[in-house]
Amino acid sequence: LSKLSKLSKLSRLKQPRTKYPEIGFVMADKHNLQRISTVLAIVASAFFAAIAIAGYQRTGDMNQLLVFLVIAVLAFAIVKFLFAGISRLLDKIDSP
């Protein structure tokens, strides 16, 4: 009985659990998309934030700065949401 419980604990440790707040449920990250999606979301967000800062320095327009900062936040959320959908799609393809 103790060997069985140790094996079940080990099997739970092998698959990292991640939470996708966009969808609202917990699932295993079998395809290792969590790190990729985070990196791409940060890159996309940083791109729009850099445009916001450069545009503000050039023009001094606060509205332009705020619009591009909002776009940066939306870009982060959209990329994370897309990768959550891709992960769900890959899980459906893998399941029998």
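Mentor: Phenylalanine 48 has a relative accessibility of 23%, so it counts as partly exposed. Buried means under 20% relative accessible area, exposed over 50%, and partly exposed in between (1.4 Å probe, protein chains only). This is a predicted model, in which local features need pLDDT of at least 70, side-chain atom pairs count only at pLDDT 80 or more, and totals for chains, interfaces and linings use all residues. Residues are numbered from 1 along each chain as its sequence is written, and side-chain values use heavy atoms, with hydrogens and water left out.

Trainee: How many aromatic pairs does a search of the whole structure find?

Mentor: A pair of aromatic rings is described by the distance of the centres and the angle of the planes. The search of the whole structure gives 1 aromatic pair. Phenylalanine 47 and phenylalanine 48 form it, edge-to-face, at 5.3 Å centre to centre and with 70° between the planes. Rings of Phe, Tyr and Trp (its six-membered ring) pair if their centres lie within 6.5 Å; planes under 30 degrees apart are stacked, over 60 edge-to-face, and the rest tilted.

Trainee: Which elements does the protein have, and in what order do they run from the N terminus?

Mentor: The protein has 3 helices and 2 strands, and from the N terminus on they run α-β-β-α-α. Helices (H or I, at least four residues) and strands (E, at least two) are DSSP runs, numbered from the N terminus.

Trainee: In which element is confidence lowest, and in which is it highest?

Mentor: Where pLDDT is low, the predicted coordinates should not be read in detail. Here the mean is lowest in strand 1 (residues 17–20), at 53, and highest in helix 2, at 94. For the protein, the mean pLDDT (the predictor's confidence in each residue, from 0 to 100) is 80, and 69% of the residues reach 70 or more.

Trainee: Is alanine 41 buried or exposed?

Mentor: Alanine 41, in helix 2, has a relative accessible area of 0% and is therefore buried. Leaving aside residues up to four places away in sequence, alanine 41 touches Phe76, Val79 and Lys80, where contact means heavy atoms within 4.5 Å. Its C-alpha atom is 9.8 Å from that of phenylalanine 81, 40 residues apart in sequence.

Trainee: What does serine 45 touch?

Mentor: Serine 45 lies in helix 2 (residues 33–59) and touches Ala72 and Phe76, again not counting residues up to four places away in sequence. Serine 45 counts as buried because its relative accessibility is 18%.

Trainee: Where is phenylalanine 83 found?

Mentor: Phenylalanine 83 belongs to helix 3 (residues 62–94). Its relative accessibility is 17%, so phenylalanine 83 counts as buried. With residues up to four places away in sequence not counted, phenylalanine 83 touches Leu33, Ile36, Ser37 and Leu40. Between the C-alpha atoms of phenylalanine 83 and threonine 38, 45 residues apart along the chain, the separation is 9.2 Å.

Trainee: What share of contacts joins residues at least 24 apart?

Mentor: Among contacts between residues at least 6 apart in sequence, the share is 57%.

Trainee: How much of the protein counts as buried, and what is its accessible surface?

Mentor: Of the 96 residues, 21% count as buried. The accessible surface (Shrake-Rupley method, 1.4 Å probe; for residues, only the protein chains shown count as cover) comes to about 7200 Å², and 69% of that belongs to carbon and sulfur atoms.

Trainee: Why does leucine 69 count as partly exposed?

Mentor: Leucine 69 is in helix 3, and it counts as partly exposed because its relative accessible area is 34%.
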